[in-house]
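Visitor: I would like to learn how to read the features of a model like this one. Please take me through them step by step.

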Amino acid sequence: MATTTPVSEGLQRGGAFLIASSRPEDVFTPADLSDDQRLIGQTAEEFVTKEVLPLIPDLEQHKEGLMAQVLKKAGELGLLGSAIPEEYGGSGLDKVSSTVLAEKVAGYASFAVSHGGHAGIGTIPIVYFGTEAQKKKYLPKIATGESLSCYCLSEPQAGSDALASRTRAVLSPDGKNWILNGQKMWITNGGFADVYIVFAKVDGEKFSCFIVDRGTPGFTAGAEEKKMGIRGSSTVALYFENAPVPRENLLHEVGRGHIVAFNTLNVGRFSLGAACLGGAKQALVVSSKYAKERTAFGKSISEFGLIKAKLGEMAIRIFAIESMVYRTAGTIESAVAAPSAEADKTKQAMQVLEEYAIESSICKVAGSETLDYCVDEAVQIFGGYGFHEDYPVARAYRDSRVNRIFEGTNEINRMLIIQMLLKRAMAGALPLIPAAMKLGEEVLAGPSFEEGPSGPFAEEERSLAQAKKIFLLAAGTAVQKFRDKIAEQQEIVAALGNIVMDVYAIESCLRRAQKSSAARGESAAVMVDAARAFIYDALERAEKEARTALAATAAGDTLATQLAVLRRFAKHAVIDTIVIRRRVADAVLAQDRYPFEGR
Ligand SMILES: Cc1cc2nc3c(=O)[nH]c(=O)nc-3n(C[C@H](O)[C@H](O)[C@H](O)COP(=O)(O)OP(=O)(O)OC[C@H]3O[C@@H](n4cnc5c(N)ncnc54)[C@H](O)[C@@H]3O)c2cc1C
């Protein structure tokens with residue numbers, strides 16, 4: 001197990017989980033939430049239950065002004081100003097609290113998306129990049145919901161390739177205004193917002209960001225788009241025809257709009273992962289209740305093994321994403337709170353968020369895919385009723401799908417994970433290359449007779465260490481072959497991205513289960529089960545992805561040798577995951593809820 005380094009050796013950097021080893025006490029888990037943080041979650045959940053859910057039929061029909069009203073009401077309760085420092089009227093919540101909030105507003109996806117469009121990506125650009133005057137003018141009203149906001153990056157021809165934007169800004173001859181021309185597409189909250197964060201190229205070249213007020217002459221919003229899901233949210237195109245935007249409404253610097261755009265998306269994407277977690281828990285709750293009520297062949301369908309397998313697997317995957325989301329939130333929070341050479345606290349927070357961009361992308365991709373898995377299985381558990389709009393899961397199924405598309409598609413995020421890792425490795429910020437070389441030496445030296453881990457989690461510890469080696473083996477081989485052209489090998493990059501996600505998930509599940517087991521003994525048994533089943537499957541997935549990548553990288557004897565090494569790394573004891581899923585499902589069914597809440 002020689003390739004990992006203790007985390008205490010200064011490897012607390014983004015992506016360092018791939019090469020450093022962590023201890024259970026290093027990893028934040030939902031059991032570590034403070035009473036205040038739990039209270040924030042309860043308040044958000046109660047708000048959604050009482051003030052939002054009863055309005056769903058009208059919201060889905062786009063009743064004029066209703067979503068704006070609901071958001072303003074959330075603002076009155078302080079649910080909109082989490083990202084805004086107290087001095088500008090917000091609550092300046094810590095990262096963990098804002099994660100709890102993002103998770104708990106997800107009871108109705110259209111509200112969660114509208115909330116994120118305003119309180120997340122519609123707010124962050126001003127908080128992190130605004131001038132003092134801009135912050136004073138806009139943030140207090142955004143915090144209360146008096147002004148609603150949105151983030152306007154995408155265009156008809158520029159989505160993933162956002163820098164291909166055609167919207168232009170030129171300074172007026174008198175120098176007082178930026179004159180905007182162009183079109184934006186798919187803008188959440190665009191139909192009712194008051195403040196628009198708009199990206200445009202100054203003189204057609206320098207990508208920049210502007211704050212545009214509703215009512216600006218020449219600026220109009222299109223009709224509501226007819227969407228597959230999240231129909232209660234507003235999504236429109238925006239048009240700019242010689243729209244004058246005051247010179248002082250430039251946000252950040254000319255030609256530095258990409259810094260605003262991408263840093264904002266990085267924060268938004270992490271919150272999206274948390275929101276997907278909340279949605280997935282809801283899908284599990286309704287599935288459990290329905291499974292118990294529905295009978296077939298003379299018994300409740302919840303007694304069938306194949307239904308239990310679904311409920312169990314849903315809970316296991318939710319456990320994995322929850323462990324990653326809260327671990328990431330805790331890591332970011334402690335890095336923000338740590339002493340820093342940077343005197344400007346806002347700037348320091350942005351640097352920390354950038355540091356953990358890899359983990360944020362992981363939470364977005366894994367969160368959205370977990371939610372999709374859960375709503376799909378929920379429809380299946382409901383059978384024909386799952387396909388009917390009068391039952392809750394049809395809408396959840398439609399609503400879920402967009403999460404893999406916005407805030408950077410999952411394809412783009414998978415590639416980003418690897419691009420960011422390699423960039424850090426090349427810059428020497430992350431010692432991946434020495435780790436891969438060390439692994440190479442270990443492989444050449446042949447099987448080790450060093451004693452492996454011992455104790456109740458020995459097998460899982462071994463799997464974690466081996467998964468990290470599997471990544472280094474596959475990534476090292478691919479980078480050696482393709483060097484700076486690796487980005488062109490997208491399928492390989494995605495396979496490596498999948499291994500990275502599973503390594504992070506394995507470690508997050510394992511550390512949480514160990515922590516819980518130490519604190520709660522036998523009562524943590526079902527969580528330990530969930531962790532074991534997840535880790536077992538994840539190691540098999542990692543082996544498969546590595547095999548795919550290696551087969552596309554090497555050939556002949558070299559490939560045969562690499563595959564033999566891979567088989568050695570992927571060796572693990574067989575466990576009965578069927579019985580484990582049944583036990584986890586029984587825990588779900590006992591309370592009709594996700595069984596590891598707050599633990
Ligand atoms: C309901 C909804 C709300 C939205 N809200 C907002 C908002 O508030 N603000 C905003 O600015 N935008 C918003 N968007 C836009 C969203 O961010 C974009 O749709 C998304 O970035 C994808 O861009 P696109 O639709 O142009 O697809 P494209 O970029 O054309 O992608 C099409 C397909 O090609 C793939 N692809 C693209 N490039 C590559 C590549 N280099 N390698 C491999 N595959 C690639 C993609 O992954 C995807 O599968 C919203 C979209 C929707 C549907």
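**Cavity, pocket, cores and salt bridges**

Guide: The structure holds 1 cavity of 30 Å³ or more. This is a predicted model, in which local features need pLDDT of at least 70, side-chain atom pairs count only at pLDDT 80 or more, and totals for chains, interfaces and linings use all residues. Residues are numbered from 1 along each chain as its sequence is written, and side-chain values use heavy atoms, with hydrogens and water left out.

Visitor: What is a cavity, and what is a pocket?

Guide: Both are sets of points on a 1 Å grid over the protein atoms alone. In a cavity a 1.4 Å probe fits but cannot get out. A pocket is an open set with protein on both sides within 12 Å along at least five of seven lines. Lining residues have an atom within 4 Å of a point. Grid points are joined across faces, edges and corners, and a volume is the space filled by probe spheres set on the points.

Visitor: What volume does the largest cavity have, and which residues line the largest cavity?

Guide: Its volume is about 70 Å³. The lining includes Glu-459, Glu-460, Arg-532, Tyr-536 and His-572. α15 and α17 (525-551) each supply at least two lining residues. Here helices (H or I, at least four residues) and strands (E, at least two) are DSSP runs, numbered from the N terminus. The largest share, 4 residues, comes from α17.

Visitor: How does the lining of the largest cavity divide by class?

Guide: Ala, Val, Leu, Ile, Met, Phe, Trp, Tyr, Cys and Pro count as nonpolar, Asp, Glu, Lys and Arg as charged, and the others, Gly among them, as polar. The largest cavity has 5 nonpolar, 2 polar and 3 charged lining residues.

Visitor: Now the second largest pocket. What is its volume?

Guide: About 760 Å³. It is lined by 29 residues, and those closest to its centre are Ala-436, Leu-472, Gly-476, Thr-477 and Gln-480. α13 (410-426), α14 (432-444), α15 (458-482) and α18 (556-569) each give at least two residues to this lining. α14 gives the most, with 9 residues. By class, the lining has 19 nonpolar, 7 polar and 3 charged residues.

Visitor: Where does Ala-435 lie, and what is in contact with Ala-435?

Guide: Contact means heavy atoms within 4.5 Å. Ala-435 lies in helix α14. Leaving aside neighbours within four places in sequence, Ala-435 is in contact with Ile-19 and Leu-472. Buried means under 20% relative accessible area, exposed over 50%, partly exposed in between (1.4 Å probe, protein chains only). Ala-435 has 8% relative accessibility, so it counts as buried.

Visitor: How should I read a nonpolar core?

Guide: In soluble globular proteins, nonpolar side chains tend to be buried together. A nonpolar core is a set of buried Ala, Val, Leu, Ile, Met, Phe, Trp, Tyr and Cys residues joined through side-chain atoms within 4.5 Å. The largest core has 112 residues, and Leu-421 and Phe-471 have the most contacts inside it. Beyond four places in sequence, the contacts of Leu-421 include Leu-18, Ile-358, Phe-471 and Val-500. Apart from this core lies another, of 30 residues, among them Leu-139, Cys-209, Ile-332 and Tyr-356.

Visitor: How many salt bridges does the structure hold?

Guide: A salt bridge is a side-chain nitrogen of Lys or Arg within 4 Å of a carboxyl oxygen of Asp or Glu. The structure holds 35. In one of them, the closest N and O atoms of Lys-308 and Asp-586 are 2.7 Å apart. This pair links distant parts of the chain, with Lys-308 in helix α9 (residues 305-337) and Asp-586 in helix α19 (residues 577-591), 278 residues apart. Lys-308 is buried, at 14% relative accessibility. Asp-586 is partly exposed, at 36%.

Visitor: Which residue forms a salt bridge with Lys-468?

Guide: Glu-507 does, with the closest N and O atoms 2.8 Å apart. Glu-507 is in helix α16 (residues 490-520) and Lys-468 in helix α15, so the pair ties together parts that are 39 residues apart in sequence. Glu-507 is buried, at 1% relative accessibility. Lys-468 is also buried, at 2%.

Visitor: Where do Glu-459 and Arg-462 lie?

Guide: Both are in helix α15, 3 residues apart, about one turn of the helix. Glu-459 is partly exposed, at 23% relative accessible area, and Arg-462 is partly exposed, at 27%.
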